[in-house]
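Hi everyone, thanks for coming. Let me put the structure up on the screen, and then I'll walk you through a few places in it.

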Amino acid sequence: MPNSLVWMIFLLPLISFVLIALFIKPFLNNSPRISGYITISAVAGSLILSLWLLTSLLNTPSHELIIPDFNWLIIEGSINIHLGLTIDMLTVIMCIVVTTVSLMVQIYSQGYMHGDPGYHRYYVYMSLFTTAMLGLVMVDNLLLMYVFWELVGLCSYLLIGFWFHRPAAARAAKKAFIVTRLGDFGFLAAILVLFFSKGTLDVSQLHGYAVAGAIGSATLTWAAIGIFLGAAGKSAQFPLHVWLPDAMEGPTPVSALIHAATMVAAGVFLVARMFPLFEHSPEALSIVAYIGGFTAIFAATMGLVMNDIKRVLAYSTISQLGYMMLGLGVGGVAIGIFHLFNHAFFKALLFLGAGSVNHGTKTFDMRFMGGLRKVMPWTYATFLIASLSIAGIWPLAGFWSKDEILASALSENTLLFVLSMITVFMTAFYMFRVVFMTFGGEYRGSEKPHESPPVMVVPMVVLAVLAVVSGWFNATGGFSHLLGHGESHSFTEGFFGILSHPLPWISLAMAGSGILLAYAMYSAKWISPHRIAWFFRSLYVLFSKKYWMDELYEDAIGQRLLSDRLFAGMKLLDSKVIDGAVNGVADTVVDIGNSVRRAQSGQLQLYGLFIILGVLAIVISLLIWG
């Protein structure tokens with residue numbers, strides 16, 4: 001594949017951004033569809049090139065491609081930063097995920113955003129985000145990676161606050177921007193530590209230093225922890241998870257692309273890209289595994305009680321991102337990225353399904369839904385497939401990657417395995433709670449529901465197919481083998497042979513139990529949800545209040561500790577001490593000036609008297625001391 005076309009994977013969405021922002025929006029504002037067509041064409045072109053790049057890598061023994069780089073910043077004798085690309089299997093997998101999901105979302109948005117006054121602006125932001133995400137996964141040095149990392153965060157801020165006239169959306173955008181900046185500080189600190197330690201930001205060189213033991217253990221550990229802190233912010237890991245549920249204030253296609261499949265997975269990608277640093281720092285790798293495992297079950301508990309369908313999916317996303325971090329921590333790059341790969345398709349589909357339901361009912365509150373399977377059969381069928389996939393039901397995609405994580409956790413850490421298995425039950429329960437409340441029973445809303453138009457249904461069908469078959473890519477062990485892990489075997493052996501082991505059956509039993517309990521409570525009505533909520537009322541309040549994390553951050557820390565005390569004290573110091581000292585000097589000078597000014601009476605005879613007195617004083621002084 002020509003090197004210039006590799007660059008075009010990243011450049012096509014950038015060209016789309018420039019065209020829409022500088023030409024289409026100013027001069028063809030009355031033809032909004034053009035913006036969508038340009039973005040769709042650009043992303044489709046990037047997807048085709050990504051698939052071509054995949055075939056090229058498969059035909060190379062090392063599964064890597066060397067792309068000549070360009071000098072970007074040279075400071076003679078000290079710094080040489082180049083603009084280059086890392087083209088390996090991890091890069092190509094991420095490019096395919098980003099472009100596939102982005103393409104489906106852009107097509108879907110043609111229907112969902114139809115008639116919105118910000119239609120042009122929406123596709124400007126979407127093009128810029130796709131550019132930033134592709135740049136993030138392709139560049140070969142940490143400085144440029146950080147630039148694209150921040151650009152991804154900026155696009156997230158713009159898209160969460162897309163309907164900025166809504167106070168809730170504006171607040172959510174600011175919250176996401178501030179919380180993720182806390183994590184980004186750790187990433188920036190890690191970059192500085194590595195640069196001052198080894199004098200380079202080239203990712204491959206840093207990998208070599210880590211493998212060779214050329215980076216001190218303390219330096220390596222702190223750098224890895226800093227990188228993970230940045231990843232935890234973007235991937236909404238505890239305790240920096242609080243921004244993601246509120247980010248659902250943005251348009252639903254934004255949630256499907258940015259806050260389910262791509263941007264939030266950037267943290268997982270970052271840990272995978274810098275994995276040699278973590279691999280040679282057991283402490284940092286343990287932190288990744290434990291934070292991921294805890295986040296998975298922690299977020300799942302909140303998903304059990306939410307009534308807003310998008311918030312359930314938001315907490316589900318946080319939980320699944322925890323699974324990915326756990327997979328990286330206990331199993332390595334292939335296992336974590338495999339779950340990222342599968343999750344992107346079924347979670348994007350779930351969000352698009354939620355958008356389709358909202359399009360037909362004008363609400364996200366599941367208490368005002370019900371019976372939609374009769375009037376929205378396509379949405380129901382695709383949503384059901386995605387729910388079965390995320391629950392880990394064989395042979396759908398989610399089963400394969402979740403089973404890999406469970407197997408690795410079982411072999412590495414019993415506690416993490418138990419947490420993961422409980423999360424399997426919870427995931428199946430809350431997802432089928434959504435299915436039964438939304439599509440089962442009788443309709444409880446006021447709007448007349450209807451199926452979404454084909455432009456929205458077709459992308460959901462494509463993603464539904466991927467939510468079934470994407471996991472099959474590793475039935476032969478091929479996916480893991482491409483990332484340098486595991487062994488290959490026949491498809492039949494992998495597809496059916498996995499069921500000869502007890503662990504998959506235990507996982508399926510846990511998932512089936514969760515589905516059965518959801519059916520008993522929300523479909524068959526054998527068990528009253530209200531009675532369960534009353535019986536476990538303490539836990540119900542704890543989960544529904546989200547462990548009071550928002551109150552802790554916004555009220556206790558943000559308002560009382562920082563605003564009322566620290567910032568108020570600093571204001572007092574500024575106004576009384578610093579301003580007081582400056583104003584005191586100024587007031588003293590003014591007072592002296594006022595005193596001296598009284599001598600300026602304007603009477604010539606008085607001035608003459610003082611002149612004579614001065615001359616006499618000089619003469620006397622000369623006579624005495626002269």
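Predicted model: local features only at pLDDT ≥ 70, side-chain atom pairs only at ≥ 80, totals over all residues.

Let's start with the lining of the largest pocket: its residues divide into 17 nonpolar, five polar and five charged. Residues are numbered from 1 along each chain as its sequence is written, and side-chain values use heavy atoms, with hydrogens and water left out.

Back to that pocket. How much space lies in it? About 880 Å³. Of the 27 residues lining the pocket, Phe429, Arg433, Met521, Tyr522 and Pro529 are the closest to its centre. Two or more lining residues come from each of α18, α22 (502–522), α23 (529–535) and α24 (537–544), and α18 gives the most, with six. Helices here are DSSP runs (H or I, at least four residues; strands are E, at least two), numbered from the N terminus.

What do I mean by pocket? On a 1 Å grid over the protein atoms alone, a pocket is an open set of points with protein on both sides within 12 Å along at least five of seven lines, a cavity is a set where a 1.4 Å probe fits but cannot get out, and lining residues have an atom within 4 Å of a point. Points are joined across faces, edges and corners, and the volume is the space filled by probe spheres set on them.

There's one cavity of 30 Å³ or more, and the largest cavity has a volume of about 60 Å³. Its lining includes Lys175, His241, Arg311 and Asp550. By class, that lining has four nonpolar, one polar and five charged residues.

While we're on α18, have a look at Val435, which sits in that helix (residues 414–439). Is Val435 buried or exposed? Buried, with a relative accessible area of 3%; the cut-offs are under 20% for buried, over 50% for exposed and partly exposed in between, with a 1.4 Å probe and protein chains only. Val435 is 65 residues from Gly370 in sequence, and their C-alpha atoms are 9.0 Å apart in space.

Phe238 and Pro239 are joined by a cis peptide bond, with omega about 5 degrees, and Pro239 lies in the loop between α8 (217–234) and α9. The bond from Trp394 to Pro395 is also cis, with omega near 5 degrees. Pro395 is in the loop between α16 (377–391) and α17 (397–412).

Lys525 is in the loop between α22 and α23 and counts as exposed, at 56% relative accessibility. Trp548 is in the loop between α24 and α25, and at 39% it counts as partly exposed.

Last stop, helix α26 (residues 604–625), where Trp625 lies. Trp625 is exposed, at 69% relative accessibility. That's it from me, thanks!

Terms used
Nonpolar A, V, L, I, M, F, W, Y, C, P; charged D, E, K, R; others polar.
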